[in-house]
Amino acid sequence: MLVADTYLGHHDDDAIAEAVDTSDHATVVLSDTERRRSRVRTETADGRDLGIVVARDLADGDVLEAEDGTPVVVELAAIEALVLDFADSDVSPTAALELGHAVGNRHWNIAVRGEEALFPVTDSKARMEDTVADLLPGDVPTRYEHVPPTTFDDSEVGHTHGDGTDMHEEGGHSHDGAGHAHDHGVRTIDGGDQ
């Protein structure tokens, strides 16, 4: 079994890219769950048995090194997300708060991309649609889209609440929406982050 136990860096780094491109490298596709585990037993894209032993969350394009020196390029399998498009809507503050409260009570992770709210599909689509149906104005279209699992990582933003609110008091301290978040998974992304 090939064992990848050293993190080399990201394929965006020119030196890493050159090392990968000039070698007989392996590629592995990981699920969102697998990328977060410190130990994973899986297969490379060409069917070789692979063990990954690294104490870090992995991202698409990360490069590991196996014990025999083989570079292993990580790819992440896309996940499905429910997308609510508020671009052409005049959502009232009351409707926004009701929606935020409803999805927060279900502990859904959320990413905000422009005027869209994205939620990973973690329940049946029918249940998710039922949760938001009565709370959304008729002019807010919904759709499903496959997105990278890192869409919902909150490590690149500050600390926001997964309950849909941007400003509230909690435990004696206030959050003003300026990038503070508990690690409930709220992420603001720009359109180019896909």
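Predicted model: local features only at pLDDT ≥ 70, side-chain atom pairs only at ≥ 80, totals over all residues.

V28 itself belongs to strand β2. Is V28 buried or exposed? Its relative accessibility is 0%, so V28 counts as buried.

Now colour the strands. Which order do the six strands of the open sheet follow? Going across, the order is β2-β6-β5-β1-β4-β3, and the pairing is mixed. Select residues 26-30 (β2) and 39-43 (β3): these two strands stand at the edges with a single partner each, so one side of each has no neighbour in the sheet. From one strand to the next, the twist averages 35 degrees.

Within the sheet, select β1 together with β4, residues 49-53. The two strands run parallel and are joined by three bridges. To see residues placed across from one another, show A4, which stands opposite I52 of β4. In general, strands of a sheet pair through backbone hydrogen bonds, in either a parallel or an antiparallel manner.

**Helix α1**

Select residues 14-21, which make up helix α1, and show the side chains. I16, A17 and V20 are the ones to highlight as buried. Looking down the axis of α1, the buried residues fall within an arc of 100 degrees, so they line one face of the helix. Turn to the other side of α1 and D14, A15 and E18 are exposed. What covers the buried residues of α1? The cover includes β1 (2-10), β5 (62-66) and β6 (71-76).

A side-chain oxygen of D13 comes to within 2.8 Å of the backbone nitrogen of A15.

**Salt bridges**

How many salt bridges does the count give? The count comes to 13.

Show E80 and K125, whose side chains meet in a salt bridge at 3.0 Å, N to O. The pair links distant parts of the chain, with E80 in strand β7 (residues 79-85) and K125 in helix α4 (residues 125-133), 45 residues apart. E80 counts as partly exposed at 24% relative accessibility, and K125 counts as partly exposed at 35%.

R113 and E116 form a salt bridge with an N to O distance of 2.7 Å. R113 is buried, with a relative accessible area of 9%, and E116 is buried as well, at 12%. E116 also forms a salt bridge with R143, where the closest N and O atoms are 2.8 Å apart. R143 is in strand β10 (residues 142-147) and E116 in strand β9 (residues 116-120), so this pair ties together parts that are 27 residues apart in sequence. R143 has a relative accessible area of 33% and is partly exposed.

For the last stop, select D32, R35, R36, D57 and D153 together. These residues are linked in a network of salt bridges.

How values were computed
Residues numbered from 1 in each chain as written. Heavy atoms only, no water. Buried < 20%, exposed > 50% of the residue type's maximum accessible area, 1.4 Å probe, protein only. Helix = DSSP H or I, 4+ residues; strand = E, 2+ residues; numbered from the N terminus. Arc of directions from axis to C-beta. Contact = heavy atoms within 4.5 Å. Polar contact = N/O pair within 3.5 Å; in protein donor to acceptor, adjacent residues only side chain to side chain. Pairing = 2+ DSSP bridges. Axes fitted to C-alpha atoms, helices over the stretch in contact; angles between N-to-C directions. Salt bridge = Lys/Arg side-chain N within 4 Å of Asp/Glu carboxyl O.
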